[in-house]
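Please look over the model below before reading on. The report takes selected residues and helix contacts in turn.

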Amino acid sequence: MNSSNKHWQKLQPDFNVELGQFIALNEDIFAELLTFIDFSEKLTLGFIEINFPPDAELLIEALKINSQCEEIQFVILKFADPNLRFLRDEIVKELPKIEKQANKKLVLIIQGLEKSIGLSGEYPPVLQDLNFVRDAYKKTVPHPILFILPDYAINRLAKFAPDFWAWRSGVFRFKTLETTRENAIAQTLESEIKIDRVEPQEKQERIEILQRLLMEYKPTCEEVNDGNLRRYSNILLELGTAYISQHQPEIARKYLAEALQIAEKLADGNSKSWVLNKIGDAYSEERKFETAINYYQQGLDIAKELKNSNGEGYALFKLGNAYLDLRRFSEAREYYQQCLKIGEELSNRFSQAITYHNLGSVAQELREYAQAREFYQQALAIFIEYGDRYKQARTYHNLGSVAQELREYAQAREFYQQALAIFIEYGDRYEQARTYHQLGIVAQELREYAQAREFYQQALAIFIEYGDRFSQASTYHNLGSVAQELREYAQAREFYQQALAIKIEYGDRFSQAGTYHELGRVAQNLREYVQAREFYEQALAIKIEYGDRFSQAGTYHNLGYVAQEMREYAQAREFYQQALAIKIEYGDRFSQALTYHCLGTLAKAQEDYQEARVNLQTALDIYIEYKDEYWANIAKKILERLPE
């Protein structure tokens with residue numbers, strides 16, 4: 001039994017009882033269908049609108065046991081492959097396998113076609129082919145065919161296969177059992193596990209159920225009954241949330257916009273505030289953070305007006321997230337602190353934990369690592385107190401990131417492994433990807449390049465599986481970095497270009513700087529110094545634009561190296577000094593070593609051996625302090641060979 005059938009199995013508590021109820025509810029349309037079947041000959045097309053699979057099974061059973069169908073041989077053909085393109089070819093393949101019963105008329109019942117018809121998009125391939133080969137059906141499939149489809153699939157078939165649809169001899173719309181509808185609601189709107197926390201396959205199955213529910217409350221070409229508006233709006237909101245988590249924000253906004261209209265019609269301020277926040281989430285998913293902030297602010301204003309503290313706290317938290325993504329850290333911190341205050345007033349320790357976590361992220365971005373660690377530890381303590389292992393995972397992940405920044409790689413790896421174990425325990429493959437990515441960085445820093453590549457490949461596979469194109473960029477970037485360390489420069493350049501293309505596509509100008517910088521390093525390694533300089537200058541311009549003074553140091557350093565290789569020694573010294581000044585300003589002692597090292601080799605090239613010795617010795621002292629034997633040995637060898 002496939003997972004979809006397992007999902008629906010829960011919706012069938014008593015088949016026989018429901019069979020009687022279903023026929024009683026649809027007595028007239030069932031009689032029409034029986035007449036249609038009785039009179040149908042050769043290729044005759046009938047379309048049966050049933051929104052839920054359990055009801056379809058009831059109908060099929062009712063047909064099989066009905067006395068009027070004693071001379072009918074029903075054959076069920078299920079085509080649930082979402083990639084199906086040539087339906088006629090598949091039917092033709094099945095026909096020879098059918099053991100024809102004597103003196104019975106063969107009637108084909110087609111199920112599952114809604115999978116390949118899809119929920120959205122123009123001209124599904126299966127419908128294009130259905131329209132194109134319509135005439136061939138008369139000769140190759142000379143039997144009555146009943147298509148069982150939900151409302152939305154029939155509507156799309158009529159729109160995108162109009163010639164085939166024109167041959168229909170009957171359309172039979174069956175009403176849904178109330179128990180089927182309520183059980184579908186229990187599986188979606190009332191589920192304990194939120195839709196953005198389930199695996200992709202189950203999420204897609206839930207979306208399909210929600211789409212069927214949507215058709216229940218608003219059939220094609222009809223309006224929603226006023227008494228059902230609130231439930232219909234809840235379905236729209238749930239679909240919007242689902243599509244955001246599937247990284248399909250444009251589709252999400254379509255449903256959320258309709259939910260917003262209903263909230264306004266019902267004058268439901270709390271619902272309107274919630275929908276506005278979700279629209280903000282959709283724009284955040286597209287990295288349109290300024291637009292998202294506008295919606296979050298509207299949600300916040302309504303929550304304040306209604307004195308809805310929970311709604312106010314939620315909007316403040318989302319505003320903090322948006323400003324964090326915009327790298328406007330002081331504003332992010334301000335909103336998180338306001339959110340934290342509300343959590344304290346409501347004695348909501350759990351929400352405080354989530355806010356502490358994000359305050360840790362702000363502190364981490366500002367390189368306030370001790371403060372970041374403290375916030376994360378506060379968050380972790382509360383998550384442990386409440387027994388929320390899943391939330392603990394993200395905080396362990398970020399504690400790993402802090403340890404990584406402090407070059408405490410053993411500690412970082414331990415935290416990441418704790419996070420990964422929990423994500424695996426909860427079956428959250430998407431979050432596993434982020435942790436695999438970070439484990440790759442740790443392995444790379446420890447020069448375990450094969451292990452790093454393996455972790456990055458695991459992360460990339462999951463990001464691709466989930467359709468998260470934006471996150472793929474950072475992993476392509478790091479795969480480029482591994483290839484570069486292994487001197488596989490053509491491969492490195494290819495990965496960096498893939499990363500850059502995605503970052504440009506998503507308008508992520510800030511992170512483009514890092515990739516331009518690495519493309520500069522590749523060109524530098526290939527001794528393409530003019531190209532290297534151009535890439536470094538592009539990177540530097542973006543870093544200056546965003547006020548990222550700390551990372552400017554690395555680019556100034558590499559511009560110095562390029563100038564040194566081009567024998568522009570005065571320019572090289574100036575760049576190195578700029579890099580060193582920033583590193584000293586930010587207390588980044590370890591990376592100062594590399595710049596002192598290069599100032600030493602520059603002085604050596606200019607035959608100023610005294611200055612060379614001073615700078616190289618300073619670099620060596622730092623390498624030894626940080627236990628970097630690789631660079632320490634290089635510095636020692638250069639010092640040993642310096643003339644007195």
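## Cysteines

Cys 339 has a relative accessibility of 9%, so this residue counts as buried. The model is a predicted one. Cys 69 is at 6% relative accessibility and therefore also counts as buried. The cut-off behind both calls is a relative accessible area under 20%.

How many disulfides does the structure hold? The number is zero.

## Overall build

The protein has 644 residues, and buried residues make up 53% of them. Its secondary structure comes to 33 helices and five strands. Along the principal axes, the C-alpha atoms fill a box of roughly 110 × 60 × 35 Å.

Contacts can be sorted by sequence separation. Of those with a separation of 6 or more, 65% are between residues 24 or more positions apart. One pair gives a sense of distance. Gln 610 and Leu 77 are 533 residues apart in sequence, and their C-alpha atoms are 86 Å apart in space.

Gln 610 belongs to helix H32, which covers residues 609-625. Its relative accessible area is 67%, so Gln 610 is exposed.

## H23 against H24

Helix H23 spans residues 429-445, and helix H24 spans residues 449-465. Their axes are 8 Å apart and pack at an angle of about 160°. H23 and H24 are therefore roughly antiparallel to each other. The cut-off for that label is an angle over 145 degrees. The crossing of these two helices, H23 and H24, is left-handed.

Which residues of H23 meet H24? From H23 come Arg 429, Tyr 430, Gln 432, Ala 433, Arg 434, Tyr 436, His 437, Leu 439, Gly 440, Ile 441, Ala 443 and Gln 444. On the H24 side, they meet Tyr 449, Gln 451, Ala 452, Phe 455, Tyr 456, Gln 458, Ala 459, Ile 462, Phe 463 and Glu 465. By class, the residues of this H23 and H24 contact divide into 13 nonpolar, six polar and three charged.

## H24 against H25

H24 also packs with helix H25, residues 469-485. The angle between H24 and H25 is about 160°, and their axes are 9 Å apart. H24 and H25 are therefore roughly antiparallel to each other. H24 passes H25 in a left-handed crossing.

On H24, the residues in this contact are Tyr 449, Ala 452, Arg 453, Tyr 456, Gln 457, Ala 459, Leu 460, Phe 463 and Ile 464. They meet Ser 471, Gln 472, Thr 475, Tyr 476, Asn 478, Leu 479, Val 482, Ala 483 and Glu 485 in H25. The contact of H24 with H25 has 11 nonpolar residues, five polar ones and two charged ones.

## Gln 444

Gln 444 sits in H23. Is this residue buried or exposed? Its relative accessible area is 13%, so Gln 444 is buried.

Leaving out residues up to four places away in sequence, Gln 444 touches Tyr 449, Ala 452, Tyr 456, Asn 478, Ser 481, Val 482 and Glu 485. Among these partners, Tyr 449, Ala 452 and Tyr 456 are listed for H24 where H23 meets it. Asn 478, Val 482 and Glu 485 are listed for H25 where H24 meets it.

## Asn 277

Asn 277 lies in helix H15, which runs over residues 269-285. Its relative accessibility is 1%, so Asn 277 counts as buried.

What does Asn 277 touch, not counting residues up to four places away in sequence? The partners are Tyr 295, Tyr 296, Gly 299, Tyr 314 and Ala 315.

## Loop residues with positive phi

Arg 487 has a phi near 65°, a positive value in a residue other than glycine. Arg 487 is found in the loop between H25 and helix H26, residues 489-505. Its relative accessible area is 62%, so Arg 487 is exposed.

Glu 607 also has a phi near 65°, again a positive value in a residue other than glycine. Its place is in the loop between helix H31, residues 589-605, and H32. With a relative accessible area of 58%, Glu 607 is therefore exposed. The cut-off for exposed is over 50%.

Conventions. Residues are numbered from 1 along each chain as its sequence is written. This is a predicted model: local features need pLDDT of at least 70, side-chain atom pairs count only at pLDDT 80 or more; totals for chains, interfaces and linings use all residues. Side-chain values use heavy atoms; hydrogens and water are left out. Axes are lines fitted to C-alpha atoms, for helices over the stretch in contact, and angles run from 0 to 180 degrees between N-to-C directions. Helices (H or I, at least four residues) and strands (E, at least two) are DSSP runs, numbered from the N terminus. Angles under 35 degrees count as roughly parallel, over 145 as roughly antiparallel, 65 to 115 as roughly perpendicular and the rest as oblique. A crossing is left-handed if the near helix is turned anticlockwise from the far one by less than a right angle, and right-handed if clockwise. Contact means heavy atoms within 4.5 Å. Ala, Val, Leu, Ile, Met, Phe, Trp, Tyr, Cys and Pro count as nonpolar, Asp, Glu, Lys and Arg as charged, and the others, Gly among them, as polar. Buried means under 20% relative accessible area, exposed over 50%, partly exposed in between (1.4 Å probe, protein chains only). A disulfide is a pair of cysteine sulfur atoms within 2.5 Å.
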